[in-house]
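Hi everyone, thanks for coming. Let me put the model up on the screen, and then we can walk through it together.

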Amino acid sequence: MASSASISRPRFRCFDPTNSYPATADHPRYFSSAVSPSSSSSFSSSSPRENGFRDTMAISNNSEPKIVPGEGGYVLEDVPHLVDYIPDLPTYPNPLQDNPSYSVVKQYFVNADDTVAQKIVVHKDSPRGTHFRRSGPRQKVYFESDEVHACIVTCGGLCPGLNTVIRELVCGLNHMYHVKRILGIEGGYRGFYARNTIPLTPKVVNDIHKRGGTILGTSRGGHDTSKIVDSIQDRGINQVYVIGGDGTQRGAAVIFEEIRRRGLKVAVAGIPKTIDNDIPVIDKSFGFDSAVEEAQRAINAAHVEAESVENGIGVVKLMGRYSGFIAMYATLASRDVDCCLIPESPFYLEGPGGLYEYIEKRLKEDGHIVIVIAEGAGDVLLSESLPKDEQDASGNKLLQDVGLWLSQNIKRVTERQNKVVITDRMWARLLSSTNQPSFLDPKEVAKKVAETNKEDTEAEAQLIDGENHVEATASSDPKDCSV
């Protein structure tokens, strides 16, 4: 096995997804490799796509997480890299070192060994804990500027700031790294093999940050790993920027594994996109602040309406399938919210300490209440009416409308009228005071007692006392014995 790799500049051709053709050993879209017997298990001999590599390149199929232990309980959870399966890749000086805006900054480049601790606050005797690779520009890069052919794709739901991210990627690649070939993949993952592409330049993206949505379009699902990587090869793409949430990032990891399996010099960069802020490791995802800010408008409107009517209840449902960050931060920022329900904190409706009891308490005290609920809260209470394991195109569990469900249920609380309980002690006192009959059939009395027991668990003792008073009244006056 040769100790170095000779990698030619990738070339590309126009790609027609309806006109596929077999791979050949001399086709420029493949890197060549003389695969040793020890690494031949990484490829399938029946597939022509993985055969016929011209130059020499060591291939590894190690897809296990990169965990690097150190002294004092230090653990580095590293990210996959091209050199994991293509050793001895040549490096080039970072173009930023010649940029007048950055060349004067001391220590602008990130040291290759810099890591960031997962936990900032630790005890003096505790282990150093888990660390992550620090992001930022390095002094050496693995692609020459005129070699790069990048693409950008947006997947999943919409999020504030998508166009801004696209703009900054294009302008950064072009102005800072002198990359001229950048493609936008339309319509999410399926756009790799079923849609057109958009050439992206700083002029094209100049004003897109002022628009909502994404200029590239988006979709859920459509992830066909083989077709996607085939398209990447056919187009000569060697840098893939994937903007999406947790499902999209899982898809990006699968794409990278297929790229690794084929031994391609293609970098895959995942850019977390979720207004729920539920992606681990990162402190805050783009779009989260905008979502919290917009939630304030809905909360303010709900508060105004609830405060304007007697026993007004405002229910605001916010996004948060598995995490309640938007609901929590919006509640803290508003100060008009009386109750915040999130997926991480289970709740129940009836009985002492339940939601209904709290709603009644606030209505009696303030005359109104505002409830903020994340879309994934109360999922256990709703799960019986939804088919199990039903998912959307992105693999996310389908949820019922918890806001509508909660609104319909709390109307037991607000719409029932407060009436005199004729089996209660107070009505018995009235009967005793006036010496009037109750004018009720004994069967009707029993029915009223049963209804009262159903509505109030504490009514049983009161009913017994009330009945005793009625009996005492009837026995003290012979003329009422027939009652």
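Let's begin with a strand pair: strand 1 and strand 2, the latter covering residues 74-78, run antiparallel to each other and share four bridges. Strands and helices here are DSSP runs, E of at least two residues for strands and H or I of at least four for helices, numbered from the N terminus. Two strands count as paired if DSSP finds at least two bridges between them. As one example, Ile-67 has Glu-77 in strand 2 as its bridge partner.

Before going on, some housekeeping: this is a predicted model, with local features needing pLDDT of at least 70 and side-chain atom pairs counting only at pLDDT 80 or more, while totals for chains, interfaces and linings use all residues. Residues are numbered from 1 along each chain as its sequence is written, and side-chain values use heavy atoms, with hydrogens and water left out.

Now please look at helix 5. Its 21 residues should span 30 Å at 1.5 Å a residue, and the end C-alpha atoms are 31 Å apart, which agrees; the expected span is 1.5 Å times one less than the number of residues. Which residues of helix 5 are buried? They are Phe-288, Ala-291, Val-292, Ala-295, Gln-296, Ile-299, Ala-302, His-303 and Ala-306. Viewed down the axis of helix 5, these fall within an arc of 155°, so they line one face; that arc is taken from the directions from the helix axis to the C-beta atoms. Glu-293, Arg-297, Glu-305 and Ser-308 are exposed on the other side. For the cut-offs, buried is under 20% relative accessible area, exposed is over 50%, and partly exposed is in between, with a 1.4 Å probe and protein chains only.

That brings us to the aromatics. The whole structure holds three aromatic pairs, meaning ring centres of Phe, Tyr or Trp (its six-membered ring) within 6.5 Å, with planes under 30 degrees apart called stacked, over 60 edge-to-face and the rest tilted. In one of them, Tyr-108 and Phe-109 have ring centres 5.8 Å apart and planes at 75°, so they sit edge-to-face. Phe-288 and Tyr-329 are edge-to-face too, with centres 5.3 Å apart and planes at 85°. This pair links distant parts of the chain, 41 residues apart: Phe-288 is in helix 5 (residues 288-308) and Tyr-329 in helix 6 (residues 325-334). Phe-288 is buried at 1% relative accessibility, whereas Tyr-329 is partly exposed at 41%.
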